[in-house]
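Please read it alongside the sequence and the structure.

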Amino acid sequence: MTEEKKTKNGRWRNLILFLSLLGPGIITANVDNDAGGIATYSIAGAHFGYDLLWAVVPVVFVLIVVQEMSARMGAVTGKGLADLIRENFGAKIAFYAMSALLFSNIGNTVSEFSGVAASLEIFGISKYISVPIAALLVWLLVVKGNFKTVEKVFLVLCLFYFSYVVSGFFAKPDWNEVALRMVEPKFRFDPKYLYMLVGIIGTTIAPWQLFFMQSSVVEKGIGVENLKHSRFDSLIGCIMAGVVIFFIIVACAATIHPAGIKIKTAADAALALEPLAGTHFKILFSFGLLNASLFAAVVLPLSVAYYVCEGLGFEAGINKKFSEAPQFYTIFTATIIIGMGLVLIPAFPLFKMMVLTQVVNGVVLPFMLIFMVRLINRNEIMCGFTNGKIWNFVSWFTIAAVIALTILMFGEFF
Amino acid sequence: MFTFYTEVIKQDVVDRHGRFLGRPFDFTAKLDEAYPRLTSLIISKGFLRKKYYVIPWSDLHHAGGQFQLKVPLESLTTVKTYREGAEVTLRKNILDQQVVDTFNRKVVRVNDIHLLEVDNDLRIAHVDVGIRGLVRRLNWERFIDPVVRFFHRHASYLTAEKFISWKYVQPLSIQPITGKIQLNVGQDQLKAIPPPDLSEMLMELDTYQRAALFKTLDPQSQIDILTELDMKWQRDLVDELDPRTTADLLERMPADEATDLLGSMPPRESGRFLDMLSPKKARELTDLLKHEVHSAGGLMTKEYITLKEEMTVNDALDYIRNTELKKAETIHNGYIIDEDSKLIGMISLRKLLLESPGAKLSEVMLKKPPSLYVKAPLREVAELMAKYNLFAMPVVNEERVMEGIITIDDVLAVIVDEVWGGR
């Protein structure tokens with residue numbers, strides 16, 4: 001009796017501990033399905049049907065590996081990635097890395113705000129109203145909220161991603177074919193197909209994600225002793241993200257693909273869905289896009305301001321006054337204003353901007369991953385928690401894949 | 001003459017005949033002087049598998065913008081790692097690292113090191129934490145300085161160097177052998193920092209640095225800092241200490257804070273610590289642990305002044321002066337109890353000082369003072385303390401036997417946490 005009670009207590013304790021550590025992995029993996037990501041998955045489903053569905057598996061695997069490395073580095077060193085880069089590679093490299101990160105994040109913020117604009121325009125709200133309100137909302141949440149409440153809001157937002165799962169079911173896909181395509185991938189050596197494939201892998205990991213994941217783990221005070229729970233949290237997040245990707249592709253493959261419509265953005269997908277599958281479908285899809293864009297728009301400007309200041313040794317923190325941390329506030333506010341401003345310029349080539357952002361991401365990401373892999377293999381930093389062979393192989397493979405994607409993208413862009 | 005690390009590493013290292021050998025890769029320094037002397041120069045060889053020449057300063061001659069060896073190169077051997085036990089290296093331990101600026105009470109990142117050249121020696125004089133130091137590191141000084149000068153001749157960028165004198169710098173590099181932070185010489189600066197500031201600075205460090213810096217402090221500062229921190233961080237720091245030290249801290253901590261800390265531990269762990277405490281303290285803490293965390297009993301402390309009603313004002317003052325003051329956290333009020341320890345009166349220190357010395361306490365005390373029931377919830381505690389405008393309030397049980405007192409700071413801490421959340 002007492003024995004049983006004890007193990008039951010132990011199990012409860014474990015569950016409570018896990019719940020208290022829950023967060024960083026789930027949030028990071030989900031924020032990653034932002035406006036750009038959703039566009040890529042929609043296009044993959046719309047143009048290639050179920051052919052690219054199998055890619056979800058390697059994508060989730062790569063996500064798991066990368067996020068686990070971030071969690072481990074955060075837990076073992078108790079430092080953010082920007083700190084580690086500065087301390088181990090010196091001021092010069094840190095400065096250029098942070099500049100690149102800043103540039104790529106401003107681009108990403110633009111694409112998040114244009115996601116907000118596009119999704120609400122579907123509901124007939126002008127972007128000149130929606131985008132400034134969204135920007136203000138982002139500002140307020142960050143400046144007025146504290147870490148605990150913001151994290152709770154984030155965890156709730158993660159649940160809204162399931163609107164894509166619902167729409168996946170609404171699309172009434174041919175489940176037999178879905179299952180068949182998952183176990184028996186249709187691999188083609190067609191350049192467009194390969195381009196899309198690498199695109200999916202590339203958009204799933206963004207440069208800022210590595211920094212965000214690691215800092216969240218540090219901020220939560222997760223140490224080596226809780227690494228097991230943190231890994232599990234990250235695993236759940238990656239699988240959630242994978243499920244959402246899966247259903248976006250399924251929804252578009254079941255409806256848009258047979259109709260043969262070509263789409264360019266996530267909002268295109270939502271609009272194309274209406275005549276094919278009904279209004280509720282359009283609503284679900286645009287709501288999902290709005291949620292994803294807003295979510296990422298909250299995370300990006302703040303996080304980049306933190307990392308840049310951390311890496312360059314400026315004071316940072318929302319609890320400081322402007323005069324105490326001028327660089328921090330300048331970067332944070334400028335990112336939001338640029339993001340908002342570019343979207344509001346009439347006839348601004350937004351789509352080109354989004355592609356350019358993807359290219360910049362692609363250029364920056366391999367460097368960040370290389371920093372990370374090199375740091376995580378240094379025993380003096382990781383104290384016995386360095387990478388195993390498989391993890392190193394996956395990391396270098398990802399780096400190679402992203403470089404390949406970027407070269408392809410360059411060809412497309414110019 | 002002053003120079004910068006950034007400048008020095010650009011200079012050539014040559015052998016006795018003036019042949020170029022390389023450029024300095026790093027320097028080591030010994031922190032046993034107020035302005036530490038550099039003790040050796042390191043040159044690296046190879047790219048992937050680096051090897052290092054460690055050249056002691058006595059074998060070097062520094063003049064005319066170059067380092068010249070006094071001994072033949074062949075007499076030097078290469079090593080794979082060069083950090084010696086008691087020394088720090090500029091590149092790994094100071095440059096680009098976080099250090100504590102004990103003068104401005106901040107954690108800062110070092111952009112460059114300002115060196116003083118005296119005779120043949122280089123000494124660490126300042127660390128540069130300004131933007132100009134960063135620009136110098138990037139090698140952009142040549143472009144940015146003229147541009148700034150063109151627009152604003154006396155811009156603060158050019159005139160106000162952000163240097164911190166080395167005597168105010170506490171490096172945070174952890175010695176691999178001892179696992180401790182090597183204290184800067186003459187480092188009494190840390191002690192001069194008020195505990196709330198110091199605990200805020202600790203939060204900016206990583207786990208290892210936090211623990212290592214914490215360990216260098218004396219027990220009283222450790223207690224002051226612990227009680228400033230959120231429970232989660234208290235636990236983290238305590239976990240880094242050995243059990244004996246933790247027990248010592250618990251022994252000396254205010255009882256209410258010690259109870260909170262023990263209460264946050266799993267029962268087995270807190271039991272182990274209770275066994276290590278003195279019997280008296282252990283009994284006191286065990287009593288306190290029984291109460292709900294956010295009730296009057298959980299918030300109260302057992303350290304307060306008790307007086308007897310037959311004492312005169314003079315007796316009471318003597319008593320406070322001689323015995324009670326040492327352990328009581330708050331001496332705003334004295335509490336008068338009867339032989340059954342029941343609370344019968346209260347007198348403020350102010351009143352004691354103003355009354356005539358011969359008066360009996362029973363005549364001057366406030367009879368039936370406002371008190372809190374031991375199971376009263378936080379809200380009631382706060383409301384009553386606000387109502388009576390008291391800094392401290394006695395806590396009693398069902399039989400009006402005095403159990404402890406609650407001080408306003410402990411209530412305030414909980415309320416701040418409830419209203420505005422943790423940091």
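Two strands pair if DSSP finds at least two bridges between them. By that rule, chain B holds an open sheet of 3 strands in the order S12-S11-S16, with antiparallel pairing. Helices (H or I, at least four residues) and strands (E, at least two) are DSSP runs, numbered from the N terminus.

The model is predicted: local features need pLDDT of at least 70 and side-chain atom pairs count only at pLDDT 80 or more, while totals for chains, interfaces and linings use all residues. Residues are numbered from 1 along each chain as its sequence is written, and chains are lettered from A and ligands numbered from 1 in the order in which they are written.

**Helix packing in chain A**

- Helix H2 (residues 24-31) of chain A packs against helix H11 (residues 207-219) of chain A at an angle of about 165°, and their axes are 9 Å apart. Axes are lines fitted to C-alpha atoms, for helices over the stretch in contact, and angles run from 0 to 180 degrees between N-to-C directions.
- H2(A) and H11(A) are therefore roughly antiparallel to each other. The classes are: under 35 degrees roughly parallel, over 145 roughly antiparallel, 65 to 115 roughly perpendicular, and the rest oblique.
- The crossing of H2(A) with H11(A) is right-handed. A crossing is right-handed if the near helix is turned clockwise from the far one by less than a right angle, and left-handed if anticlockwise.
- On H2(A), the contact is made by A:Pro24, A:Ile27 and A:Thr28; on H11(A), by A:Gln209, A:Phe212, A:Met213, A:Ser216 and A:Val217. Two residues are in contact if their C-beta atoms, placed from the backbone, lie within 7 Å.
- These contact residues of H2(A) and H11(A) comprise 5 nonpolar, 3 polar and no charged. Ala, Val, Leu, Ile, Met, Phe, Trp, Tyr, Cys and Pro count as nonpolar, Asp, Glu, Lys and Arg as charged, and the others, Gly among them, as polar.
- Helix H8 (residues 162-170) of chain A and helix H14 (residues 279-312) of chain A pack at about 155°, with axes 9 Å apart. That angle makes H8(A) roughly antiparallel to H14(A).
- H8(A) and H14(A) cross in the left-handed sense. H8(A) contributes A:Ser163, A:Tyr164, A:Val166, A:Ser167 and A:Phe170 to the contact, and H14(A) contributes A:Phe281, A:Leu284, A:Phe285, A:Phe287 and A:Gly288.
- By class, the contact of H8(A) with H14(A) has 7 nonpolar residues, 3 polar and no charged.

**A:Phe328**

- A:Phe328 lies in helix H15 (residues 326-344) of chain A.
- A:Phe328 is buried, with 22 other C-beta atoms within 10 Å. A residue is buried if 20 or more other C-beta atoms lie within 10 Å of its own, exposed if 12 or fewer, and partly exposed in between.
- Leaving out residues up to four places away in sequence, A:Phe328 touches A:Ala305, A:Cys309, A:Phe314, A:Glu315, A:Ala316 and A:Gly317.
- A:Ala316 is 12 residues from A:Phe328 in sequence and 5.4 Å from it in space, C-alpha to C-alpha.

**Interface of chains A and B**

- Contacts link 16 residues of chain A with 16 residues of chain B.
- On the side of chain A that touches chain B, helix H5 (81-122) and helix H7 (147-160) each supply at least two residues. H5(A) gives the most, with 6 residues.
- That side of chain A has 3 nonpolar, 8 polar and 5 charged residues.

**Strand pairing in chain B**

- In the S12-S11-S16 sheet of chain B, the edge strands are S12 (106-109) and S16 (169-171), each pairing on one side only. Neighbouring strands of this sheet are turned by 35° against each other on average, direction ignored.
- Strand S11 (residues 98-101) of chain B runs antiparallel to S12(B), joined by 4 bridges. B:Val99 stands opposite B:Val108 in S12(B).
- Strands S5 (residues 38-45) and S6 (residues 51-56) of chain B run antiparallel and are joined by 6 bridges. B:Leu41 is opposite B:Ile55 in S6(B).
- The hairpin of S5(B) and S6(B) has 5 residues between the strands, and B:Gly46 there takes a positive phi near 85°.
- S6(B) also pairs with strand S9 (residues 78-79) of chain B, antiparallel, over 2 bridges. B:Tyr53 has B:Thr78 in S9(B) as its bridge partner.
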